[in-house]
Amino acid sequence: LLSFQSELSAAGKKRTTAEEQAFVIAPLTLPTITADITAARAAGAQVVIVSLCWGKVGATAPSNTQKELAQAIANAGADVILGTHSGALQPVEVLSATRADGSVHQVLCAYSLGNLLESDRADRESISGALLHVNMQYDLAADNLTFESLTYTPTYVWRGRVEGKTVYRVLRSNAEPPAAMDSEQRKVMERCLKLVRDAWADSPVTEAQ
């Protein structure tokens with residue numbers, strides 16, 4: 001599992017030195033990512049998952065630059081690409097990657113899974129998300145990874161009052177809501193569920209029940 005970050009926040013930059021940043025953060029650049037994937041493979045890794053903190057906050061679709069980088073990372077040897085940072089659900093694709101030896105592989109790319117837990121109630125995108133379930137099978141002899149099934153569980157961040165206290169809970173938005181949830185919050189959860197379903201309507205993943 002490899003992780004890369006595009007940049008620190010303004011507050012993060014102020015609180016750390018350049019030396020500290022270089023020690024802690026793996027820069028999100030193709031040469032760095034390619035070198036780390038190659039090193040992981042050389043060390044015996046059979047499956048490589050790449051996590052990317054990238055993209056514009058609030059964006060509901062990846063940029064062309066992100067799509068090009070995802071394809072390049074897939075070609076470099078990644079098996080699964082998981083995007084974070086935007087805080088909004090984005091498409092899921094299965095990319096066809098051509099490796100250096102000419103072999104062709106399938107690569108799962110989830111540009112962003114949205115937020116799992118968020119206190120900001122500014123928009124429905126920020127309180128909607130999904131848990132991605134990936135059933136993979138690796139053929140050791142053929143050195144080939146296949147995706148047997150791809151499903152997701154839609155999630156909703158509920159803010160409510162329980163025993164006089166404000167609570168935040170991550171709920172399955174396609175399940176029965178808690179008894180303490182009022183009618184307005186139920187409507188919001190229904191809209192968030194529709195948002196998730198619409199976002200992944202044409203994707204290779206199906207909703208888990």
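**Group meeting: a walk through the predicted model**

Read along the sequence, this protein follows the pattern β-α-α-α-β-α-β-β-β-β-β-β-α-β. In total there are five helices and nine strands.

Taken along the principal axes, the C-alpha atoms fill a box of roughly 60 × 45 × 30 Å. The protein has 209 residues, and 37% of them are buried. If we consider contacts between residues at least 6 apart in sequence, 58% of these join residues at least 24 apart.

I turn now to a pair of helices. In general, two packed helices are described by the angle between their axes and the distance between the axes. Here the helices are H3, residues 30–42, and H4, residues 64–76; they pack at an angle of about 25°, and their axes are 9 Å apart. Angles under 35 degrees count as roughly parallel, and H3 and H4 are therefore roughly parallel to each other. The crossing in which H3 passes H4 is right-handed. On the H3 side, the contact is made by Leu30, Ile33, Thr34 and Ile37; on the H4 side, by Leu69, Ala72, Ile73 and Ala76. Sorted by class, this contact of H3 with H4 has seven nonpolar residues, one polar residue and no charged ones.

My next topic is the aromatic residues. How many aromatic pairs does the structure hold? There are two aromatic pairs.

One of them is formed by Trp54 and Tyr111. Their ring centres are 6.1 Å apart and their planes lie at 15°, so this pair is stacked. Where do the two residues sit in the chain? Trp54 is in the loop between strand S2 (49–53) and H4, while Tyr111 is in the loop between strand S5 (104–110) and strand S6 (128–139). The pair thus links distant parts of the chain, 57 residues apart. Are these residues buried or exposed? Trp54 has a relative accessible area of 3% and is buried. Tyr111, at 1% relative accessibility, counts as buried too.

Tyr152 lies in strand S7 (residues 144–162), and Trp200 in the loop between helix H5 (183–199) and strand S9 (206–207), so the pair ties together parts that are 48 residues apart in sequence. Both Tyr152 and Trp200 are buried.

Finally, I would like to draw your attention to two glutamines.

Gln66 lies in helix H4. Which residues is Gln66 in contact with, leaving aside its neighbours within four places in sequence? They are Trp54, Gly55 and Tyr111.

Why does Gln185 count as buried? Buried means under 20% relative accessible area, and Gln185 has a relative accessible area of 19%.

To close, I return to the two themes of this talk. H3 and H4 are roughly parallel, and the aromatic pairs are two in number. Thank you for your attention.

Methods: Residues numbered from 1 in each chain as written. Predicted model: local features only at pLDDT ≥ 70, side-chain atom pairs only at ≥ 80, totals over all residues. Heavy atoms only, no water. Axes fitted to C-alpha atoms, helices over the stretch in contact; angles between N-to-C directions. Helix = DSSP H or I, 4+ residues; strand = E, 2+ residues; numbered from the N terminus. Parallel < 35°, antiparallel > 145°, perpendicular 65-115°, else oblique. Left-handed = near helix turned anticlockwise from the far one by under 90°. Contact = heavy atoms within 4.5 Å. Nonpolar A, V, L, I, M, F, W, Y, C, P; charged D, E, K, R; others polar. Phe/Tyr/Trp six-rings, centres within 6.5 Å; stacked < 30°, edge-to-face > 60°. Buried < 20%, exposed > 50% of the residue type's maximum accessible area, 1.4 Å probe, protein only.
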